[in-house]
Amino acid sequence: MSKAIVVARVLLGLAFLVFGLNGFLHFWAPPPPADAHVAEVAGALMNSGFIFPIMSFFEVVAAILLLIGRFVPLALLLLAPILVEIVAFHVVLDPKGIGLGLFLALIACFIAWANRAAFAPLFQRPASGAR
């Protein structure tokens, strides 16, 4: 099982390293949007000038953490909102393109499950009198 976790961690790290670096270096152009709504939303995010660079920065940071195997729960927390956005974007606007996003989200869930002890305190009730 530990080998599967390492493979999943490296796979997720490599994917987000490539996509994150692409946000800065633009070595791979995404395919043209099939729908006008997809193009409108993607264009708005791109034209904002700060959404994609921030996402790319956190993708690269999280990818490096995953690849070196340090602070893996933190890396998963950094990627969680990005993965939610990717899956939600495709569910709502581009269902045909959901495959990769859903695959990466499932890998992240698998790694999170393997590291569930690190997340356990988030789901515990505070002690009586503590806030």
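Predicted model: local features only at pLDDT ≥ 70, side-chain atom pairs only at ≥ 80, totals over all residues.

Residues are numbered from 1 along each chain as its sequence is written, and side-chain values use heavy atoms, without hydrogens and water.

A pocket is an open set of points on a 1 Å grid over the protein atoms alone where a 1.4 Å probe fits, with protein on both sides within 12 Å along at least five of seven lines; lining residues have an atom within 4 Å of a point. Volume is the space filled by probe spheres set on the points, which are joined across faces, edges and corners.

| Pocket | Volume |
|---|---|
| Largest pocket | About 1,200 Å³ |
| Second largest pocket | About 190 Å³ |

The largest pocket has 33 lining residues, and Phe19, Trp28, Pro30, Phe52 and His90 lie nearest its centre. Helices (DSSP runs of H or I, at least four residues, numbered from the N terminus) H1 (2-25), H2 (36-47), H3 (51-68), H4 (72-92) and H5 (98-114) each give at least two residues to this lining. H2 provides the largest share, six residues. The lining comprises 21 nonpolar, nine polar and three charged residues, where Ala, Val, Leu, Ile, Met, Phe, Trp, Tyr, Cys and Pro count as nonpolar, Asp, Glu, Lys and Arg as charged, and the others, Gly among them, as polar.

For the second largest pocket, the lining includes Leu76, Val84, Cys109 and Phe119. Its residues divide into 11 nonpolar, no polar and no charged.
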